[in-house]
Amino acid sequence: MQVIVNVFLKNGVLDPQGKALEKALHSLNFSGVKEVRMAKQLKITLDENDTQKAKELVAKMCEELLVNSVIEDYEILL
Amino acid sequence: MKVAIIRFLGTNCEFDTQYAFEKIGAKVQLIWHEEREFEADLVVLPGGFSYGDYLRCAAIAKLAPAMQGVLKHAKKGGFILGICNGFQILLEAGLLKGAMKHNENLSFISKNQTLRVISNDNAFLKKLNKNELITLPIAHGEGNYYADEATLKYLEDKDLITLKYENNPNGSCDNIAGICDETRKIFGLMPHPERACEKLLGNDVGLKMFEGFLS
């Protein structure tokens with residue numbers, strides 16, 4: 001089973017990379033861009049077919065290594 | 001004084017750090033990241049790019065076997081100093097509060113910075129004066145220190161902010177360049193005092209900082 005994890009800087013935590021992209025898009029005249037947030041995406045292939053179990057396992061991975069909960073949030077997509 | 005300097009894969013400031021501590025008469029031991037057991041008065045996590053800074057700076061280093069020894073040393077109330085990548089490791093390991101982000105301008109910055117001594121009520125800075133201005137080099141891409149408002153207030157109320165930038169180079173919250181923990185035994189800073197230990201090279205203020213651990 002493949003699991004996708006998106007890791008974002010938390011709302012309210014300034015995202016320097018997102019900010020730089022936002023400015024670059026404005027300079028290309030995409031004036032409707034209000035905000036850009038940059039994410040890290042991880043594709044994890046698991047030897048597991050049970051969706052719930054996979055989700056719990058990946059959540060544990062996020063807590064222990066993949067995410068720094070001081071500044072980051074994550075979403076798990078199955 | 002016995003100093004243990006931990007070498008992770010990708011550490012690159014261990015020899016400069018060893019040179020500086022030997023210069024002030026400390027007995028230095030380099031500890032490979034796979035070693036769990038070591039004895040020292042001060043453990044130093046030196047600068048570099050541990051494990052290539054993959055995922056996040058210092059994210060993987062916190063899982064190294066040697067970190068078990070570092071945690072044990074912390075529990076015993078031993079001194080720990082994290083310089084640059086070492087500071088990032090202390091944050092990732094939860095030994096200091098906060099986290100590091102990419103520099104606000106996204107550039108890797110390598111240059112001298114003027115710093116203000118905020119608190120000298122600790123071993124690391126006791127040989128310097130409060131509010132004294134010193135110069136140390138910085139060299140980092142992810143030195144943008146972040147802590148939420150409650151944590152910043154905590155650091156300020158307990159006098160745990162050790163150094164601040166005079167001209168914030170990286171976007172750090174509250175201009176913070178270095179902090180310590182509540183026991184005043186664990187220190188982290190982004191600038192490199194081990195690169196400021198020779199008058200011949202223009203600056204030896206780093207020695208004064210390291211000498212604080214001697215007594």
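**View 1. Glu194(B) in its loop.** In this predicted model, Glu194(B) sits in the loop that runs between β11 and α5 of chain B. Its relative accessibility is 5%, and because buried means under 20%, Glu194(B) counts as buried. Leaving aside neighbours within four places in sequence, the residues in contact with Glu194(B) are Cys13(B), Asp16(B), Thr17(B), Ala20(B), Ile83(B) and Phe210(B).

**View 2. His192(B) and its surroundings.** His192(B) is likewise placed in the loop between β11 (186-189) and α5 (205-211) of chain B, and with a relative accessible area of 1% this histidine is buried.

**View 3. The polar contact between His192(B) and Glu194(B).** The side chains of these two residues, His192(B) and Glu194(B), are joined by a polar contact of 2.7 Å.

View 4. An unreviewed UniProt entry lists Cys84(B), His192(B) and Glu194(B) for "active site". Although these residues are spread over 111 residues of sequence, they cluster in space, the largest C-alpha distance being 10.9 Å. Of the listed residues, Cys84(B) and His192(B) are included in the lining of the second largest pocket.

Note on methods:
Residues numbered from 1 in each chain as written. Chains lettered and ligands numbered in written order. Predicted model: local features only at pLDDT ≥ 70, side-chain atom pairs only at ≥ 80, totals over all residues. Heavy atoms only, no water. UniProt positions renumbered as here; feature names shortened; annotations may be inferred. 1 Å grid on protein atoms, 1.4 Å probe; cavity = no way out; pocket = protein on both sides within 12 Å on 5 of 7 lines; lining within 4 Å. Helix = DSSP H or I, 4+ residues; strand = E, 2+ residues; numbered from the N terminus. Buried < 20%, exposed > 50% of the residue type's maximum accessible area, 1.4 Å probe, protein only. Polar contact = N/O pair within 3.5 Å; in protein donor to acceptor, adjacent residues only side chain to side chain. Contact = heavy atoms within 4.5 Å.
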